[in-house]
Amino acid sequence: KNAMTTPTEVANDLKQQHSKLWDKLLNHKFISDIEMDCLPLENFIFYLQQDQLFLEEFCAFLLKARKKTTKTKLRNWFDALNSSTVNHEMQMQRELLSSLGISYLDRTSVKAAPATRNYVFFLRRVSSSGSLVEMVSAMSPCAWSYPEIAEKLCERKSRIKTEVYRRWIDFYASKESRRQVGELKTILGTRYLKANRKARRLMKINFGSACRYEYRFWEMSYHRQMV
């Protein structure tokens, strides 16, 4: 990379290196069935419940990442993302579940499916043994792919009549979601530019692994796989 390369360009390049995987998860049948407004609501409920479990762990991951830096700006960013996940994203999911007749108490009895557990174990492994740059690369596909999925679905939104799908799309297509991704790309790219060769290699590996776990999460949700 030459000195003129911006952090955002570096982040985009990192994503481009995993373009096949990225396209696979962006075009998963779960997503395309929402686009066609034909995804069974049971599948969406299953997904929301599993994602609630995953996001609880994701927040714990963010708090661990926060402890790995002394930079106030970065600590504040992890705090803000954690707060946004708990107070907005998870709250939105609970509201959607409630509108579908699923109470919070029902959700607490939900067990993590294998794909959820595997993704969680991956995050735990990276947070326990990895550096901050490894953690940032491992969390990036999750936060980055959703606004891209929502943007894609927005193009067909007029055909999507199911209200919970429309509300879900609106949340991730919001200016706030896009702003968060912009900040994430800057942080990811900046960390990559400052990293040594070994750290860069680990960042690439983690980014690719996280893309695979994201894909498997959609796959699990589509088939409602509990085994």
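1. A word on terms before we start: buried means under 20% relative accessible area, exposed over 50%, and partly exposed in between, using a 1.4 Å probe and protein chains only. By that rule Cys 59 counts as buried, because its relative accessibility is 7%. Cys 211 is buried as well, at 0%.

2. Please keep in mind that this is a predicted model, in which local features need pLDDT of at least 70, side-chain atom pairs count only at pLDDT 80 or more, and totals for chains, interfaces and linings use all residues. Residues are numbered from 1 along each chain as its sequence is written, and side-chain values use heavy atoms, leaving out hydrogens and water.

3. How many disulfides (pairs of cysteine sulfur atoms within 2.5 Å) does the structure hold? There are 0. For Cys 59, the nearest cysteine sulfur is that of Cys 142, 10 Å away. Cys 211 has its closest cysteine sulfur in Cys 142 too, but at 11 Å that is too far for a bond.

4. Finally, have a look at Phe 44. Its contacts (heavy atoms within 4.5 Å), not counting residues up to four places away in sequence, include Phe 30, Leu 96 and Trp 168.

Definitions and conventions
Disulfide = S-S within 2.5 Å.
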